[in-house]
Amino acid sequence: MIDSHCHLNLAPLGSNLTEVLRKAKQNGVKRIMVPGITPASWNVLSSYNSQPYCDILPIDTAIGLHPYFLPKERDEIPPLLKQFEDAVADAVANTKESLSLVKGALPNAQGFLSVAQGCAPEAQGCSSNAQGCLSSAQGCFSSAQGCFSAIGETGLDGHIPVDMNVQQQVLHAHLDIADSFGLPVILHHRKSHHLLLEALKASSFEGRGVIHAFSGSKDVAKRYIDRGFCLGIGGTVTYERAKKTRDTVTYLLWHHPESILLETDAPDMPMSGRQGQPNMPHYLTDVVAALSALSDIEPNEINAITSANYARLFKPSLF
Ligand SMILES: [Zn+2]
């Protein structure tokens, strides 16, 4: 079970992160993606790839400017976008460097294992040590991969007092940089599907991404899927009154299972029955239970399908 959208840096999660991650792990969460929202958040997120956090769960991160937090003054936008582009270029360079270090270590561990396996039966202890060594190298590889995997969160929000032209300008800057580095995008929508689809059509972006916290009709869902996007399914589906989204998600589970990701959007978007308390990544089990009840697909199968989808979108080199 992977939480593909969780703001671990926001209160109250950020102040109690070790406990939040432990609880997520205990409840079956295997990995978490944390989108970037402001320049200050990018620095916090870059520390998640170090101990003690990465020892508990692999954390993937993204760099982006959330429409909620954009400055009101238009002349602040160009320097902010320059800062964003520089941060992405630095993160790409750092990720490449740490990946090549770990990739260099993996063949050594594998060679050690095959030598140990070729030894006499009495050397079994040696073989199991070598296996431990290999699995730590692989764990290290997956954590190193976790440095930085996507561009976002960006998008268009029809409910905030930020000029839609400014939101569109910032969105296009994200799509351009994602395209130039071959990275997936994490897109936010609220009352804006038509504008978001128009923006995607107008841009030269040919990559992939996820429409986070998707809610909407089958028709809208299919239009994103046709463009190669996944749809992030979160707490909305746990509410019986969200009939349209529940119908769409049931349809997607049967006809486009390869396009679904799980998410909590914690600490926002509380699950049904948990209103009034902060959402947490371990409540992802509520989303899986709702999907299973809607589709009659076993929770384990939902976890396997959505984890493979996540790996294809954000971690192509792990395949
Ligand atoms: Zn978000």
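Let me begin with a definition: a residue is called buried here if 20 or more other C-beta atoms lie within 10 Å of its own. The model I am presenting is a predicted one.

As a general point, an α-helix has 3.6 residues a turn, so residues three or four places apart point the same way.

Strand E5 contains Ile186. Ile186 is itself buried, since 29 other C-beta atoms lie within 10 Å. Between the C-alpha atoms of Ile186 and Ala150 the separation is 7.2 Å, although the two residues are 36 residues apart along the chain. Leaving aside residues up to four places away in sequence, Ile186 touches several others, including His5, Pro35, Ala62, Ala150 and His212.

Finally, I consider helices H10, residues 284-295, and H11, residues 299-314. Their axes come within 9 Å and cross at roughly 110°; the two helices are therefore roughly perpendicular to each other. The crossing of H10 past H11 is right-handed. H10 contributes Val288, Ala289, Leu291 and Ser292 to the contact, and H11 contributes Pro299, Ile302 and Asn303. Of the residues in this contact, 5 are nonpolar, 2 are polar and none is charged.

Technical notes. Residues numbered from 1 in each chain as written. Predicted model: local features only at pLDDT ≥ 70, side-chain atom pairs only at ≥ 80, totals over all residues. Axes fitted to C-alpha atoms, helices over the stretch in contact; angles between N-to-C directions. Helix = DSSP H or I, 4+ residues; strand = E, 2+ residues; numbered from the N terminus. Parallel < 35°, antiparallel > 145°, perpendicular 65-115°, else oblique. Left-handed = near helix turned anticlockwise from the far one by under 90°. Contact = placed C-beta atoms within 7 Å. Nonpolar A, V, L, I, M, F, W, Y, C, P; charged D, E, K, R; others polar. Buried ≥ 20, exposed ≤ 12 C-beta atoms within 10 Å, placed from the backbone.
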